[in-house]
Amino acid sequence: MAEYSALSILKNALSGNRHWKPAWRKPDPKPSYDVIVIGGGGHGLSTAYYLAKEHGITNVAVLEKGYLGSGNVGRNTTAVRSNYLLPENIRFYEQSMKLWENLSHDLNYNVMFSQRGVLNLAHTPAQLDDYARRGNAMRHLDADAELMTPEQIARLVPGIDMSRSARFPIVGGLMQRRAGTARHDAVAWGYARGADRRGVDILENCAVTGFLREGDRVVGVATTRGEIRAKKVAVAVAGSTGHVLRMAGIERLPIESHVLQAFVSESLKPFLDTVVTFGMGHFYMGQSDKGGLVYGGDLDGYNSYAQRGGLPIVEEVMSEMLALFPSLAPVRVLRSWGGVCDMSMDGSPIITTGPLPGMYLNCGWCYGGFKATPISGWCFAWTIAKNAPHELNASFTLDRFHRGLVIDDKGQGATPRLH
Ligand SMILES: Cc1cc2nc3c(=O)[nH]c(=O)nc-3n(C[C@H](O)[C@H](O)[C@H](O)COP(=O)(O)OP(=O)(O)OC[C@H]3O[C@@H](n4cnc5c(N)ncnc54)[C@H](O)[C@@H]3O)c2cc1C
């Protein structure tokens, strides 16, 4: 498959753009593979890519029930950051940031990674102290963080209500400048193309409907395109984790599926060159390259597998937006949608061998798995190839809930909507 380059753009332009090849093949399923990855989202595709690239395992199939990008990888609001408090999370997400910084080159695909920064607003002195603590923890582990004064914020974020009479006055903020956004579809397509180029079969419209077992061991899957056997079966289905694992007889997981909505406004002239998060509720907003404001808030608050949400959250998100940016009141919402998030009980992911022999599990991404796409796939590929976790995901086990070794970054306990 051809390299994408300035020269290839020129050559194709001169020949009327009639000779571009599809970015990945559409093969039929083989009877067996070394590894099957269930789920053609960001994590499944990056896992297949790194299995091939880092471990030379290319007899791999990614099974996707719909089309690539139909899940959360194409539904998220694209924020990428590593601004956590606990060392397990900082190390993991900071390594992801390093992969993001070279991802377009690595994939030979422009994922439009834009390090425009993520700013967490503080509305009380106590909150600012808390941010200082988190910033120090980040800097201690080589992630970047800086505290910002209200004057700096007013300069960086035009239109934000900095008045003392605001409902929640802004007293400062925690900025991570290397954080930012990336184009989510391009991430799915770039990993798909990269995996395909190394020999991975990407099988779309291929839903897994059951697991093939020999005793306890998983030896393959039943799908809508027939049975496929495999030495190893890896599950990376995000919001569908409970549903898929039930097919293997696993009824209870420390995961709940919840709807999270996102919103895009009509296009405005560029004014917001960073991602801002509200400190007194769950609201965040950035501006896309096309000018639309991209924003979101809290979970809908009930368990669901529907990829759409309800009006109460719409009202809440809009009111939080106007608390920060009153001048945006006349701006119209262009579209909104929902995605099903796999909320873990401590807010941290699970990347592990098991829970059955021959099976590997990747889930628990909550609101924040897009930014983990590179490192999640990298660590999951390692875990599958070596039958053991890498040190970066060694703590992200399934049995940590059983053993009381939770990784609860916000200290909120087992309440998904607070993570
Ligand atoms: C509205 C919204 C905003 C978000 N914003 C951010 C953000 O700003 N930053 C951030 O870091 N994260 C964000 N996230 C979270 C992030 O999108 C997810 O954590 C991440 O995309 C999950 O991993 P994935 O890409 O592999 O999931 P998905 O893309 O959902 O992939 C899972 C795939 O599995 C497939 N599948 C399910 N069942 C089967 C089956 N039986 N057989 C075959 N295939 C199956 C699905 O069709 C799906 O394509 C957001 C999520 C939502 C919904």
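Modeller: Helix H3 (residues 87-101) and helix H10 (residues 373-386) have axes that come within 7 Å and cross at roughly 105°; helices here are DSSP runs of H or I with at least four residues, strands are runs of E with at least two, and both are numbered from the N terminus. The axes are lines fitted to C-alpha atoms, for helices over the stretch in contact, with angles from 0 to 180 degrees between N-to-C directions. H3 and H10 are therefore roughly perpendicular to each other, given that under 35 degrees counts as roughly parallel, over 145 as roughly antiparallel, 65 to 115 as roughly perpendicular and the rest as oblique. This is a predicted model, in which local features need pLDDT of at least 70 and side-chain atom pairs count only at pLDDT 80 or more, while totals for chains, interfaces and linings use all residues. Residues are numbered from 1 along each chain as its sequence is written.

From H3, Phe92, Gln95, Ser96, Leu99 and Trp100 meet Pro374, Ile375 and Trp378 of H10, contact meaning that C-beta atoms, placed from the backbone, lie within 7 Å. The residues of this contact between H3 and H10 comprise 6 nonpolar, 2 polar and no charged, where Ala, Val, Leu, Ile, Met, Phe, Trp, Tyr, Cys and Pro count as nonpolar, Asp, Glu, Lys and Arg as charged, and the others, Gly among them, as polar.

H10 also packs against helix H2 (residues 42-55), the axes coming within 7 Å and crossing at roughly 55°, and the two helices are therefore oblique to each other. The H2 residues in this contact include Gly42, Ser46, Tyr49, Tyr50 and Glu54, and their partners in H10 include Pro374, Gly377, Trp378, Ala381 and Ile384. Taken together, the residues of the contact of H2 with H10 are 9 nonpolar, 8 polar and 1 charged.

How values were computed:
Contact = placed C-beta atoms within 7 Å.
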